[in-house]
Amino acid sequence: MSAVSVAAVDLGATSGRVMVGRVGPDTLELEQAGRFPNGPLATPDGLHWNVQQLYAHVVEGLRSAAATETIASIGIDSWAVDYALMRGDRVLGEPFHYRDERTAHGVELVHADEPFSLLYARNGLQFLPFNTLYQLAVEREAGMLDVADRMLLVPDLIAWYLTGATVAESTNASTTGLLDVITKDWDGELMDRLRLPRAIFPRLVQPGETIATVLPHVVAATGLAETTPVVAVGSHDTASAVVATPMTEPGGAYISCGTWGLVGVETETPVLSTAAREANFTNEGGVDGRTRFLHNVMGLWLLNETVAAWSREDGAQVDLVALLGAAAEVTGEIPVFDANDPRFSPPGDMSPRIAAYCEEHGMRAPQTRAEIARSIVESLATAFAEAVRTASSLSGQEVRRIHMVGGGSQGELLCQRTADLSGMPVVAGPIEATAIGNVLVQARALGAVGGTLESMRDLVARAFSPRTYTPRAHAMSAPASTRI
């Protein structure tokens with residue numbers, strides 16, 4: 001087997017990138033070919049994603065990649081649940097953003113037909129008010145499903161732009177709430193019960209399958225070879241991130257920390273107990289048929305939105321490194337809030353919301369920016385530690401170490417406090433786990449690497465040097481203010 005160069009299109013909720021991966025049996029290198037911002041676009045009818053602009057950035061990134069080396073294939077991953085409706089070859093408007101307020105009504109519509117307890121037994125998903133089936137219920141009531149003949153999740157939409165092929169990659173489809181958690185196929189009976197037309201849901205493909213080759217206009221715009229295939233990867237970004245989490249020994253939990261913090265363990269089969277449902281844990285599809293048993297925590301969204309608000313207030317970018325350095329020096333009582341409280345979901349400055357939460361719960365609100373940042377980090381670390389303990393208990397898997405990957409793994413304070421509060425070592429890195437998992441699945445499909453997920457994770461562990469944070473015995477208790 002010889003090394004190949006592949007392109008990973010990795011779209012996050014706040015930024016996107018095109019990465020070139022060079023992969024072989026003893027080779028794993030990653031280089032950025034393009035990076036661009038992403039975020040909600042407010043219009044009179046609500047929040048949307050500017051997917052056509054994202055596609056333009058993707059094409060430019062692929063052009064840059066193809067200018068330097070021969071790209072053997074392309075893989076696409078993104079955030080979950082959001083989609084575009086189509087009729088023929090026409091996209092019926094920009095996809096709604098999952099934080100749009102319309103989703104609350106969708107919950108009412110769905111649960112009137114199918115209570116959550118019954119939904120959980122069918123799809124295994126935790127309750128999140130923006131899951132795809134809730135959004136589609138709103139579309140149904142608005143009459144949009146009478147017009148549309150297809151629904152494409154965001155990474156599948158980008159694949160359609162590149163190839164003209166319509167598919168639904170299975171790991172991302174598992175987040176819609178419309179996939180049977182046992183058979184891992186579309187749940188036609190549930191679609192009928194919710195009055196969602198079966199015909200709009202494309203055929204499912206598995207990670208490693210070739211979707212199609214790029215279209216002539218893509219070849220002309222990028223310089224890619226006309227035979228370049230788009231290969232299905234774990235197109236839910238967390239599925240790709242878990243592929244590249246170097247869990248080379250039993251006893252590992254993962255935290256994929258970016259805009260969201262996805263905290264859990266990998267299992268061979270779903271966990272569908274009443275306790276799992278009541279704890280709001282989810283069973284999402286992983287690569288090679290694995291299950292990602294996890295809980296969503298709000299993640300770096302809390303810090304990013306707050307820092308963005310302060311930067312607008314100052315008229316200059318806040319120095320995040322300096323801010324977190326000051327946060328680490330904060331002493332005394334640190335208020336810890338529920339990071340998953342719904343008030344923190346909409347965009348905007350979190351500072352007044354944190355203050356309101358503290359007032360409601362009898363805690364002194366943080367006053368300075370350093371105190372606010374420390375409160376956010378402390379609250380995230382507390383939520384992460386609790387979610388790991390719960391994942392271990394519900395799954396029956398002993399957890400001895402936590403792997404944190406993604407952007408959050410760069411945060412020394414967050415990693416250390418997660419180790420302290422969990423009482424377990426935190427192994428931090430790689431930062432670009434999502435793109436790495438993306439390129440590894442492509443490389444295996446091309447024959448450049450072989451074997452199981454574990455063998456690919458061993459390659460990750462050899463190629464990147466993670467940093468381990470050891471729990472400090474004197475700092476393992478929760479902050480005093482959490483006990484008020």
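Is Arg457 buried or exposed, and what is its relative accessible area? Arg457 is buried, with a relative accessible area of 1%. Here buried means under 20% relative accessible area, exposed means over 50%, and partly exposed lies in between (1.4 Å probe, protein chains only).

Welcome to this predicted model, where local features need pLDDT of at least 70, side-chain atom pairs count only at pLDDT 80 or more, and totals for chains, interfaces and linings use all residues. Residues are numbered from 1 along each chain as its sequence is written, and side-chain values use heavy atoms, with hydrogens and water left out.

Let us turn to the salt bridges. The structure holds 37 of them, each a side-chain nitrogen of Lys or Arg within 4 Å of a carboxyl oxygen of Asp or Glu. The table shows some examples.

| Pair | N to O distance |
|---|---|
| Asp192 and Arg198 | 2.6 Å |
| Arg369 and Glu313 | 3.5 Å |
| Arg457 and Glu454 | 3.9 Å |

Arg369 lies in helix H14 (residues 369-395) and Glu313 in helix H11 (residues 301-314), so this pair ties together parts that are 56 residues apart in sequence. Helices are DSSP runs (H or I, at least four residues), numbered from the N terminus. Arg369 is partly exposed at 27% relative accessibility, while Glu313 is exposed at 60%.

Arg457 and Glu454 sit 3 residues apart in helix H17 (residues 453-463), so about one helical turn separates them. Glu454 is partly exposed, at 34% relative accessibility.

Salt bridges also link Glu114, Arg122, Asp187, Glu189 and Arg193 in a network.

Methods
Helix = DSSP H or I, 4+ residues; strand = E, 2+ residues; numbered from the N terminus.
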